[in-house]
Amino acid sequence: MIRTVERQDLPQLLVLCGDHARYEGATYDPAGKQAQLEAAIWSTQPALFVLVAVEGDTLTGYASATREFSTWDADYFLHMDCLYISESHRGHGLGYQFVEQLKQLARQLRCTHLQWQTPADNHSAVRFYQRLGATSKDKKRFFLAL
């Protein structure tokens, strides 16, 4: 089952975020993140939208997104920041369900399209997104610490 994240899910969501970071070869420090996520998700104007896959009382995946504005399109789009499914639950259609629900959210938020990125070496994700009919643009992602 996929649903909107609830406050009591945050500890498990942080674990999934750590799993996701490790999957992508990144580091992750959960310190202080629960309060930051709570503020971003449940503010009067949410900065972050999160869906979770649940089996019993256990989160098995998540997708998060932000509403952003495109100068070139002069309109809003939904940026899927993360899509992660625990290894034991991959290949059962959850990714497709997450994308379908994000498409519905994008329509509700009056966005013109959905965008995301994935590491080029995540070949299974690239194949999955291509099967959805998504197209890609080769770009490099830069980070500038503040």
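A pocket here is an open set of points on a 1 Å grid over the protein atoms alone, where a 1.4 Å probe fits and protein lies on both sides within 12 Å along at least five of seven lines; lining residues are those with an atom within 4 Å of a point. The model is predicted, so local features need pLDDT of at least 70 and side-chain atom pairs count only at pLDDT 80 or more, while totals for chains, interfaces and linings use all residues. Residues are numbered from 1 along each chain as its sequence is written, and side-chain values use heavy atoms, with hydrogens and water left out.

On to the second largest pocket, which holds about 190 Å³ of space, a volume being what is filled by probe spheres set on the grid points, themselves joined across faces, edges and corners. Its lining takes in Thr4, Ile41, Pro46, Leu48, Phe49, Val50, Leu51, Gln101, Gln104, Leu105 and Gln108. Two elements give two or more residues each, namely β2 (49–55) and α3 (94–108); helices (H or I, at least four residues) and strands (E, at least two) are DSSP runs numbered from the N terminus. With 4 residues, α3 supplies the largest share. Sorted by class, the lining comes out at 7 nonpolar, 4 polar and no charged residues, where Ala, Val, Leu, Ile, Met, Phe, Trp, Tyr, Cys and Pro count as nonpolar, Asp, Glu, Lys and Arg as charged, and the others, Gly among them, as polar.

Of its 7 residues, 5 are buried, so β2 is largely enclosed by the rest of the structure; buried means under 20% relative accessible area, exposed over 50%, and partly exposed in between (1.4 Å probe, protein chains only). Strands pair if DSSP finds at least two bridges between them. β2 runs antiparallel to β1 (residues 2–4), with 3 bridges joining them, and Ile2 stands opposite Ala53 in β2. β2 is also antiparallel to β3 (residues 58–70), this time through 7 bridges, with Val54 standing opposite Leu59 in β3. β2 and β3 make a hairpin with 2 residues between them, and Gly56 in the turn has a positive phi of about 65 degrees.

What about the cysteines? With a disulfide taken as a pair of cysteine sulfur atoms within 2.5 Å, the count is 0. For Cys82, the nearest cysteine sulfur belongs to Cys17, 6.3 Å away; Cys82 itself counts as buried at 17% relative accessibility. Cys111 is in no disulfide either, the nearest cysteine sulfur being that of Cys82, 17 Å away, and Cys111 is buried too, with a relative accessible area of 13%.
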